[in-house]
Amino acid sequence: DTLCFVMGVGNLPVIAEKLMAHGRAASTPVALVRWGTKPVQEVLVSTLEHVVEDVAKAKLKAPAIIVVGDVVNLREKLQWFDNKPLFGKTVVVTRARSQASAFREKLAAQGANVVEAAAIKTSPLELFDEDKRIINNTKQYQCIVFTSGEGVRYFFDALYKEGKDTRALGNSKVAAIGCATARELQKYGIVPDIIPVDYKAESVVDALKQHVKAGDTVLLIQPKKAREVIPRELRHLDIDVDILRLYETQQDTSQQEALVDALQHGHVDYITFTSSSTVTNTLELLGEDALSLLEHTKIACIGPITAATAMSAGLKVDIISPVYTTEGLVDTIVKDCVN
């Protein structure tokens, strides 16, 4: 028969001794499971005769469940959790907390122990008369370009405050830079007309050229600080560009202690950067010890622009996701871990 003991680690010597004294064979399989189905799960398999010694050697502590019986021999057939590709790996997520949940869940689904250490946060900018004029006249634009999911949310918040809804975009082509941005637009009932093959500014311009021409007017939704490549290249094509800046990215210091503690005291296998701002703000949070704290941690970046920012700061970039999404970054980390 199978026996299970809950909260029995402290009494393990007595349990093993009494079971053998009352007829259980010394060779009976025993398993201890600590923190089952969590990323820090530990499993020790032994026999009644040697389990006390093995637990002491492994320094396995409570809490743990003790399983005694031949069912332990089925572990290799039944195990489903600790054979996930990222099991036993600790991954730090630095993106804004408002965007981190789905990323964390994808990593956890692969078995990773995820440390959330947001380095950035976003906040809305004050809207001036010119901004409101643009929002109230979106039908004048042949194309409206959204560069991020955050931009989508802030745009529709501003649109609703002006008493308008998605019908205001009815005459315009809509471009989404990235699958995540496209998915965010779909929440508002908008299916993008244009999604560039990748997220490089040059690819965005090439995609837009198929839908707009000289003399057309394009509206670009951007944060306060953004690269000027897209508007510059469009203007070179005699396309008028208005830029609506609705939000800004700021440093988030709320998780600074958790980030430093994870790098100092816990073995962090990967730290992920999903934008240039996550790189620069993380390094600022870590201060002058940043490079030494990250010395033994693999640096994983979305795309070449984020990677270039990391390398220019002196970091050795180990992983660059060829697909510029969190899903792509998770897949790339899994491949790196498996290989």
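Leaving aside neighbours within four places in sequence, Y270 is in contact with T90, V91, V92, T297, K298, I319, I333, D336 and C337. In this predicted model, Y270 lies in strand 12, which spans residues 270-273, and its relative accessibility is 4%, so that Y270 counts as buried, the cut-off being under 20%. Y270 and V218, although separated by 52 residues in sequence, have C-alpha atoms that lie 39 Å apart in space.

Backbone geometry was examined next. Most residues other than glycine have a negative phi, and most peptide bonds are trans. Against this background, the peptide bond from A62 to P63 is cis, with omega near 5°, and P63 is found in the loop that runs between helix 2 (51-58) and strand 4 (65-68). The loop between helix 2 and strand 4 also holds K59, a residue other than glycine for which phi is positive, near 55°; with a relative accessibility of 65%, K59 counts as exposed. A positive phi, of about 55°, is likewise found at W35, which is not a glycine. W35 belongs to the loop between strand 2 (29-34) and strand 3 (42-47), and since its relative accessibility is 36%, W35 counts as partly exposed.

At the level of the whole chain, 14 helices and 14 strands are assigned. The radius of gyration of the protein chain is 27 Å, whereas a compact globule of 339 residues would have a value near 20 Å, and the C-alpha atoms fill a box of roughly 90 × 45 × 35 Å along the principal axes. Of the 339 residues, 45% count as buried, and the accessible surface of the chain comes to about 17300 Å², with 50% of this area belonging to carbon and sulfur atoms. Among contacts between residues at least 6 apart in sequence, 65% join residues that are at least 24 apart.

Technical notes: Residues numbered from 1 in each chain as written. Predicted model: local features only at pLDDT ≥ 70, side-chain atom pairs only at ≥ 80, totals over all residues. Heavy atoms only, no water. Helix = DSSP H or I, 4+ residues; strand = E, 2+ residues; numbered from the N terminus. Rg over C-alpha atoms; globule rule 2.2 N^0.38 Å. Buried < 20%, exposed > 50% of the residue type's maximum accessible area, 1.4 Å probe, protein only. Contact = heavy atoms within 4.5 Å. Areas by Shrake-Rupley, 256 points an atom, 1.4 Å probe, with all protein chains shown as cover.
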